[in-house]
Amino acid sequence: MSIDILQRDGVTILKFSGKIIGKSSNELKKVLDEQLANISGTPQFLLDFAEVSMMDSSGLGTLMGTHVSVAHKGGRIAVINVGTNIKNLIVRSRLITTFEHFNSEDEAIAALTAATN
């Protein structure tokens with residue numbers, strides 16, 4: 001798994017590629033924790049799954065932990081480009097309403113920045 005990190009209008013965008021399974025979930029947690037620690041204001045994350053082929057329950061658990069941390073700071077997490085396999089995992093785990101889903105990066109950025117303005 002690899003992660004590209006971008007900033008746009010106060011939103012931290014994380015673009016994942018590869019598989020988020022096993023040990024890569026620990027790497028993901030480390031990156032998300034570092035990004036969260038570097039944000040002084042309200043955290044706004046956009047997670048792009050366009051290049052993710054698979055995610056297991058440990059990856060989902062990592063995302064849930066980050067969601068809790070971000071929510072405690074008054075922030076939000078949005079997701080885009082969620083493929084069928086990952087969406088099925090989220091639905092089966094009954095977490096479909098936990099993450100805000102958007103159709104495009106522009107739509108997500110607009111919604112996240114509108115909430116902080």
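Where does Asp9 have its place? Asp9 sits in the loop between β1 (2-8) and β2. The model described here is predicted. The protein chain has four helices and five strands, and along the sequence these follow the pattern β-β-α-β-α-β-α-β-α. Its radius of gyration is 13 Å, close to the 13 Å that the globule rule gives for 117 residues, so the chain is as compact as a globular protein of that length.

**Overall dimensions and surface**

- Taken along the principal axes, the C-alpha atoms of the protein chain fill a box of roughly 35 × 25 × 25 Å.
- The accessible surface of the protein chain is about 6200 Å², and carbon and sulfur atoms hold 49% of that area.
- Of the 117 residues in the protein chain, 38% are buried.
- Among contacts in the protein chain with a separation of 6 or more, 72% are between residues 24 or more positions apart.

**The sheet**

- The five strands make an open sheet, ordered β1-β2-β3-β4-β5, with mixed pairing.
- β1 and β5 (100-101) are the edge strands, and each of them pairs on one side only.
- β1 and β2 pair in the antiparallel sense, over seven bridges.
- Within that pairing, Ile3 has Phe16 in β2 as its bridge partner.
- β2 and β3 pair in the parallel sense, over eight bridges.
- Leu14 has Leu47 as its bridge partner in β3, and Lys15 has Asp48 in β3.
- In a regular strand, side chains alternate between the two faces of the sheet.

**The nonpolar cores**

- The largest nonpolar core has 23 residues, and the members that touch the most others are Leu14, Phe16, Leu47, Phe49, Met55 and Leu63.
- At least two residues of this core come from each of β2 (11-20), α1 (23-37), β3 (44-55), α2 (57-72), β4 (76-80) and α3 (84-92).
- β3 gives the most to this core, with five residues.
- Leu47 is in contact with Leu14, Phe16, Leu32, Leu63, Ile77, Ala78, Val79 and Ile80, leaving aside neighbours within four places in sequence.
- Another core, of nine residues, lies apart from the largest one, and its members include Ile13, Leu46, Ala78 and Ile109.

**The aromatic pair**

- The count of aromatic pairs comes to one.
- Phe16 and Phe49 form this pair, which is tilted, with 5.3 Å from centre to centre and 45° between the planes.
- The pair links distant parts of the chain, with Phe16 in strand β2 and Phe49 in strand β3, 33 residues apart.
- Phe16 and Phe49 are both buried.
- Both phenylalanines also belong to the largest nonpolar core, among the members that touch the most others.

- Asp9 is not a glycine, yet its phi is positive, at about 50°.
- β1 and β2 form a hairpin with two residues between them, and Asp9 is in the turn.
- Is Asp9 exposed or buried? Asp9 counts as exposed because its relative accessibility is 57%, and the cut-off for exposed is over 50%.
- Asn81 is likewise not a glycine and has a positive phi, of about 55°.
- The place of Asn81 is in the loop between β4 and α3.
- Asn81 counts as partly exposed because its relative accessibility is 37%, which falls between the limits of 20% and 50%.

- Thr113 lies in helix α4, which covers residues 105-116.
- Thr113 counts as buried because its relative accessibility is 15%, and buried means under 20%.
- Not counting residues up to four places away in sequence, Thr113 touches Asp9 and Val11.
- Of these two, Asp9 is in the turn of the hairpin that β1 and β2 form.
- Thr113 and Arg8 are 105 residues apart in sequence, while their C-alpha atoms are 9.7 Å apart in space.

Key. Residues numbered from 1 in each chain as written. Predicted model: local features only at pLDDT ≥ 70, side-chain atom pairs only at ≥ 80, totals over all residues. Heavy atoms only, no water. Core = buried A, V, L, I, M, F, W, Y, C linked by side-chain atoms within 4.5 Å. Buried < 20%, exposed > 50% of the residue type's maximum accessible area, 1.4 Å probe, protein only. Contact = heavy atoms within 4.5 Å. Phe/Tyr/Trp six-rings, centres within 6.5 Å; stacked < 30°, edge-to-face > 60°. Rg over C-alpha atoms; globule rule 2.2 N^0.38 Å. Areas by Shrake-Rupley, 256 points an atom, 1.4 Å probe, with all protein chains shown as cover. Pairing = 2+ DSSP bridges.
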